[in-house]
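Hi everyone, thanks for making the time this morning.

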Amino acid sequence: MVDTSTVLSGIKLDNPVIPASGTFGFGTEFNDYYDINILGSISIKGTTKEKRFGNPTPRIAECTAGLINSVGLQNPGIDAVINEELPKLFKVFKKPVIANISGFSIDEYVYCCEKIDKVDGVGIIEVNVSCPNVRHGGLAFGQTPESAAQVTKAVKEVTKKPVYIKLSPNVTDIVSIAKACEEAGADGLSLINTLLGMRIDLKTKKPVIANVMGGFSGPAVFPVALRMVYQVAHSVSIPVIGIGGVSSASDVIEMMMAGAKAVQVGAANLVNPYACKEIIEELPRLMEKLGLNDLNFNI
């Protein structure tokens with residue numbers, strides 16, 4: 001009998017498969033398709049201080065082996081998430097969840113993280129530093145080691161739960177940013193967020209996405225994500241959650257071999273609502289076929 005379990009900052013997961021933030025709503029929507037308690041955990045939809053409608057439409061563009069989205073962090077705001085969405089989720093999901101927090105200033109990150117930290121049922125706080133810093137010209141917090149570290153340090157000062165920083169791949173040196181977050185007190189890292197991409201409509205001669213560019217995700221980004229996970233996991237001593245193009249049990253094992261301690265499934269959920277379920281069911285069968293007793297690797 002193979003062991004599919006893994007541990008993130010003292011939290012044991014039955015398996016490493018976690019739906020990625022923004023691709024699984026607040027979880028309850030998918031409970032109509034299958035019992036979501038088979039999941040390792042859930043990273044809920046990214047949350048900001050105030051309610052956000054998001055970016056103008058169209059927001060989605062299809063690509064070969066992937067898609068581009070520019071949803072713009074549409075969410076009901078931190079208070080509604082805590083008072084409405086999470087209580088609904090906890091009625092059907094009985095495991096610790098990952099709360100994804102976004103912000104456009106350090107004060108906003110601190111405000112939201114301090115609030116979500118007090119919620120029973122939240123096991124890990126995942127801080128998305130791909131948001132633009134509106135007070136400093138719109139440069140994303142995660143694009144420099146200094147700004148990523150500032151967010152990490154500020155959030156850690158007001159939280160007791162483990163804090164994982166979700167890193168952007170749209171940088172020159174992701175390892176230096178990962179190290180800066182670790183030094184600032186991060187308990188773990190999630191990577192990668194989406195790459196930046198665009199499509200042009202040949203008939204209208206205009207970008208397909210109203211916002212011109214958006215986040216490129218799907219199977220096409222997997223090799224890039226795997227490379228970055230490998231680089232970061234072998235450069236820090238804190239856990240790494242691997243994200244980016246994961247759509248099969250073999251992708252999960254490959255991510256774990258690269259150094260990830262758990263894996264998030266994103267775009268695949270938008271194509272197939274049963275994606276995570278199918279991966280979880282196939283994982284032990286593939287492990288047995290490969291002669292793997294567990295998912296602990298040292299390469």
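Let me begin with a definition: helices (H or I, at least four residues) and strands (E, at least two) are DSSP runs, numbered from the N terminus, and the expected span of a helix is 1.5 Å times one less than its number of residues. Please keep in mind that this is a predicted model, where local features need pLDDT of at least 70 and side-chain atom pairs count only at pLDDT 80 or more, while totals for chains, interfaces and linings use all residues. Residues are numbered from 1 along each chain as its sequence is written, and side-chain values use heavy atoms, with hydrogens and water left out.

Let's start with helix α3. This helix covers residues 145–156, twelve residues in all. From its first C-alpha to its last it reaches 16 Å, close to the 16 Å expected at 1.5 Å a residue.

Which residues of α3 are buried? By buried I mean under 20% relative accessible area, with exposed over 50% and partly exposed in between, using a 1.4 Å probe and protein chains only. The answer is Ser147, Ala148, Ala149, Val151, Thr152, Ala154 and Val155. As a reminder, an α-helix has 3.6 residues a turn, so residues three or four places apart point the same way.

Let me zoom in on Thr152, which is found in helix α3. Thr152 counts as buried because its relative accessibility is 0%. Setting aside neighbours within four places in sequence, Thr152 is in contact with Ile165, Cys181, Ala184, Gly185 and Ala186.

That list brings us to the cysteines. A disulfide is a covalent bond between the sulfur atoms of two cysteines, and the cut-off used here is a pair of cysteine sulfur atoms within 2.5 Å. How many disulfides does a search of the whole structure find? The count is zero. Cys113 is in no disulfide, and its nearest cysteine sulfur, that of Cys112, is 6.9 Å away. For Cys181, also in no disulfide, the nearest cysteine sulfur is that of Cys113, 13 Å away. Cys113 is buried, at 0% relative accessibility, and Cys181 is buried at 0% as well.

Now to the loop between α2 and β7, where we find Asp117. Is Asp117 buried or exposed? Asp117 counts as buried because its relative accessibility is 11%. Not counting residues up to four places away in sequence, Asp117 touches Ile125, Val158, Thr159, Lys160 and Lys161.

In the terms used here, on a 1 Å grid over the protein atoms alone, a pocket is an open set of points where a 1.4 Å probe fits, with protein on both sides within 12 Å along at least five of seven lines, and lining residues have an atom within 4 Å of a point. Grid points are joined across faces, edges and corners, and a volume is the space filled by probe spheres set on the points. The second largest pocket holds about 220 Å³ of space. Its lining has 17 residues, and Ala233, Gly259, Lys261, Phe297 and Asn298 lie nearest the centre.

Now for some backbone details. The peptide bond from Thr57 to Pro58 is cis, with omega near 0 degrees, and Pro58 is found in the loop between β3 (17–19) and β4 (60–63). A cis bond also runs from Leu191 to Ile192, with omega near 10 degrees. Ile192 lies in the loop between β9 (188–191) and β10 (195–197).

Lys205, although not a glycine, has a positive phi of about 60 degrees. It sits in the loop between β11 (200–201) and β12 (206–207), and Lys205 counts as exposed, at 67% relative accessibility. Val212 is not a glycine either, and has a positive phi of about 70 degrees. Val212 is partly exposed, with a relative accessible area of 33%.

That's my tour, and I'm happy to take questions.

Definitions and conventions:
Contact means heavy atoms within 4.5 Å.
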